[in-house]
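Dear colleague,

Please find the structure below, handed over for your own work. A summary of the findings follows it.

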Amino acid sequence: MNLNSLDLNLLVALDALLREASVSRAAMRIGLSQPAASHALQRLRDLIGDPLLVRSGARMELTPRAQAMRGPLAQALDQVRGLFVPDDFDAARSERQFRLMMPDLAVELLMPPLMEKITKAAPNVRIDVVPWRGPAIFTAEFARTIDLVISIGDAFRGFHRQRLYTDSDALAVRRGHPAGAKLQRREAFLNARHVAVVIRGQNEDLIDAWLRPKGIERRIALVVSGYLEALHVAARTDLVAFVPRRLIGALSKQMSLMTVAPPFDPGIDEQFMFYPTRAQMDPGSIWLRSIMLSIGHEMERDEGRTP
């Protein structure tokens with residue numbers, strides 16, 4: 001049989017005819033006129049090479065070929081319908097693995113509340129976190145492996161973005177630092193020795209790229225590849241780390257750090273969640289994104305309550 005010439009509507013009519021064993025009832029079942037149903041039956045007879053329905057006294061009966069087709073046809077139509085219905089995501093039963101890309105500061109801030117929520121709702125779901133890489137080395141092949149990206153900016157092709165939370169940058173210094181609060185003054189800030197954070201795929205610390213047009217050059221004493229490394233160094237030396245304020249707040253107690261406002265307005269940073277365009281309607285992706293967005297909203301709400 002040449003499937004290119006097969007009208008799917010004929011299969012729907014065939015299913016009704018086999019279920020009802022009556023042209024008139026089949027017509028009512030699928031919303032056709034009786035002449036249209038009779039025409040469909042004739043086309044099916046020609047196509048299949050079998051009468052399908054034969055008169056026996058006052059009623060119609062299915063031929064042996066028609067009887068044999070009932071089950072397989074119903075199953076085939078159910079499978080076809082299933083192609084157009086998105087799969088549900090059963091979080092409680094799912095064993096799906098999600099791959100997330102984010103910088104270490106996002107791991108520190110987002111992963112504890114994320115894993116707490118996932119452990120309760122989806123204990124068998126696995127989260128793999130890979131280190132953040134800049135758009136310049138974010139290849140198409142690598143992008144196909146990623147379910148979510150947490151980052152600033154908007155340069156990830158093939159991904160939609162949603163704002164997750166806002167932050168601002170501040171200075172992190174160890175408690176007892178000889179300059180301490182004096183770093184709020186421009187002169188002390190310029191005299192301090194800084195640790196810069198240059199993440200993979202970047203040429204310099206984003207802070208320095210922002211400060212240079214303002215005529216400000218920091219004294220860089222050390223370059224590291226992550227924010228947590230910068231904070232660990234600042235906690236044990238007199239180096240100053242210029243990093244997101246939320247990260248300092250999250251670790252200030254356990255690392256004995258204090259937050260110092262810089263001598264200029266650092267502005268507001270927006271942290272975004274990116275997800276692949278191909279996964280826009282994927283139930284699992286929608287589920288994960290909704291949890292991540294709820295965490296971002298909770299962070300913003302909790303900061304609003306801070307006196």
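How many aromatic pairs does a search of the whole structure find? The search finds 12, where rings of Phe, Tyr and Trp (its six-membered ring) pair if their centres lie within 6.5 Å, and planes under 30 degrees apart count as stacked, over 60 as edge-to-face and the rest as tilted.

Please note that this is a predicted model, in which local features need pLDDT of at least 70, side-chain atom pairs count only at pLDDT 80 or more, and totals for chains, interfaces and linings use all residues. Residues are numbered from 1 along each chain as its sequence is written, and side-chain values use heavy atoms, with hydrogens and water left out.

Aromatic pairs

One of the pairs is that of Phe89 and Trp287, which is tilted, at 5.0 Å centre to centre and 40° between the planes. Phe89 lies in the loop between α4 (64-82) and β3 (97-102), and Trp287 in helix α11 (residues 283-305), so that the pair links parts of the chain 198 residues apart. Helices (H or I, at least four residues) and strands (E, at least two) are DSSP runs, numbered from the N terminus.

The rings of Phe156 and Phe274 form an edge-to-face pair, because their planes stand at 65°, with the centres 5.0 Å apart. Phe156 counts as buried at 4% relative accessibility, and Phe274 is likewise buried at 1%; buried means under 20% relative accessible area, exposed over 50%, and partly exposed in between (1.4 Å probe, protein chains only).

Both residues belong to a cluster that ring pairs build from Phe138, Phe142, Phe156, Phe159, Phe272 and Phe274. The charged end of Arg133 sits over the ring of Phe142, 3.8 Å from its centre, and that of Arg161 over the ring of Phe272, 3.9 Å from its centre. The criterion is NZ of Lys or CZ of Arg within 6 Å of the ring centre and within 35 degrees of the ring normal.

The sheet

Five strands form an open sheet in the order β9-β8-β10-β7-β11, with mixed pairing; two strands pair if DSSP finds at least two bridges between them. At the edges are β9 (219-224) and β11 (257-260), each of which pairs on one side only. Strand β7 (residues 169-174) pairs with β11 in the antiparallel sense over four bridges, and Arg174 has Leu257 in β11 as its bridge partner.

Yours sincerely
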